[in-house]
Amino acid sequence: MKEYIGKKYYEILGVPSSSTTEEIKSAYRKLARKYHPDLNPGNKASEQKFKEITEAYNVLISDTERAKYDTINGYNINTGTNRGQKNTKTASTQSSYQNKRNAKQAYSNTQKKDEPPKEFNTVFSEFMDGLFSQKNKKQTPPPKKEIPKPIKGSDITVDVNISPDEAVNGTVKQINVLYVSECKRCRGKKFINGASCPMCNGEGELSTHNKIRVKIPQNVKEGSKIRISNEGNKGQNGGENGDLFLIVHIIKHSVLKYDGLNVLCTIPITPPEAALGASIEVPTKDGFLTMKIPPGTSSGQKFKLASEGLKDEKTKQTGDQIVTVEIVMNKNLSQEEKDLYQKLLRAQKINPRGDLLKS
Ligand SMILES: [Zn+2]
């Protein structure tokens, strides 16, 4: 319960106790214009005065609060016990305020509610708007512009190269993304005052590189498209961002091919190597290995290099490398080679087509 005893609200606002609501507002407006702290920076006296007039206004503007205040301080018009020189009894001086109060009847009726002066805030802000209208004019934007429509940012597509191993197990890659945004200087119009915009060189847009880290999931295939939502170009006017799409490319080896976890390759060998057997160097995903070719190897024969394939870290499965040998002929034989082949031909005991001719 507010303590109203001894407060001189009418005197503070410089109005008679018979004042109408409008008169109280008007008086407050004048005083506030004079004492508002914004207009008297650092002036403690003004600040104190402003507090007082605001408190007085706060009470007198509310019918309920004003009724309480009047009763406590002897301004109650119905009792006729007003102490001041203001005569509020006569019908001729009755203000709209009094009419309102009479309509509300007794103070006791409204006392129970003890309601806060709800209308005060809105009225007060109206006052303040009016009070500082001159000051605010420069700051407030000109009459409503059309609110620009939200525009969704465009999508960005980036190619990402990963190794076959990363394709199997997934990986985290740092990639460079080229973001494009509308030039803020010319607002995408490319020209300013008929001249090419100096900020974007007349492009209408600006581009920035950003390094971001992206997660590539397990078991991606060549050409897989991965969507990372909201990482595309920025939306405008509150629009959503575009998406970032990654196109996955699995780095190709000149010799090695991949089939699931298995690594495949075809290795050329010479006829003498095939006939006599040999140790040959074979490329693997991790480097090179020496592999033994047994004597009498045919073209197209496959050999397995166990566990030289890719490893799936999750299932712990490991593939093999499958080596297919291919006997290749030198088309420009030396005389010595030709002589040796002649010798070999005469020494050859088996006709490999013998069975074919029998049937
Ligand atoms: Zn520009």
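Chat about a predicted model

Guide: K30 has its place in helix α2 (residues 21–35); helices here are DSSP runs of H or I with at least four residues, strands are E runs of at least two, and both are numbered from the N terminus. This is a predicted model, where local features need pLDDT of at least 70, side-chain atom pairs count only at pLDDT 80 or more, and totals for chains, interfaces and linings use all residues. Residues are numbered from 1 along each chain as its sequence is written, and side-chain values use heavy atoms, with hydrogens and water left out.

Visitor: Is K30 buried or exposed?

Guide: K30 is exposed, at 58% relative accessible area. The classes are buried under 20%, exposed over 50% and partly exposed in between, with a 1.4 Å probe and protein chains only.

Visitor: How far apart are K30 and L13 in space?

Guide: They are 9.4 Å apart, C-alpha to C-alpha, and 17 residues apart in sequence.

Visitor: Switching to the metal. Which protein donors does the zinc ion have?

Guide: C183, C186, C197 and C200, each through SG, at 2.2 to 2.3 Å from the zinc ion. Donors are N, O and S atoms within 2.8 Å of the metal (3.2 Å for Na, K and Ca); water is not among the atoms, so sites may look incomplete.

Visitor: What spacing do the donors follow along the chain?

Guide: The spacing is C-x2-C-x10-C-x2-C.

Visitor: And what is the geometry of the zinc site?

Guide: The site is tetrahedral, with angles of 106 to 113° among its four donor atoms. Four donors get that label if all angles lie between 85 and 135 degrees. The ideal angle for four tetrahedral donors is 109.5 degrees.

Visitor: Are C197 and C200 buried or exposed?

Guide: C197 is buried at 1% relative accessibility, and C200 is buried at 3%.

Visitor: How many salt bridges are there?

Guide: The count is seven, taking a salt bridge as a side-chain nitrogen of Lys or Arg within 4 Å of a carboxyl oxygen of Asp or Glu. Among them is E55 with K7, at 3.5 Å from N to O. E55 lies in helix α3 (residues 44–60) and K7 in the segment before α1 (9–13), so this pair ties together parts that are 48 residues apart in sequence.

Visitor: How accessible are E55 and K7?

Guide: E55 is partly exposed at 33%, and K7 is partly exposed at 33%.

Visitor: What about K285, which residue does it bridge to?

Guide: K285 pairs with D286, the closest N and O atoms being 3.1 Å apart. K285 is partly exposed at 31%, while D286 is exposed at 62%.

Visitor: How many aromatic pairs?

Guide: Five, where rings of Phe, Tyr and Trp (its six-membered ring) pair if their centres lie within 6.5 Å; planes under 30 degrees apart are stacked, over 60 edge-to-face and the rest tilted. One of them is Y4 with Y69, edge-to-face, 5.9 Å centre to centre with 75° between the planes. Y4 sits in the segment before α1 and Y69 in helix α4 (residues 63–72), 65 residues apart.

Visitor: Are Y4 and Y69 buried or exposed?

Guide: Y4 is buried at 1%, and Y69 is buried at 0%. Y4 and Y69 form one aromatic cluster with Y9 and Y10.

Visitor: Last one: where is D320?

Guide: D320 is in the loop between β12 (302–305) and β13 (321–327).

Definitions and conventions: Tetrahedral: all angles 85-135°; square planar, octahedral: opposite > 155°, others 65-115°.
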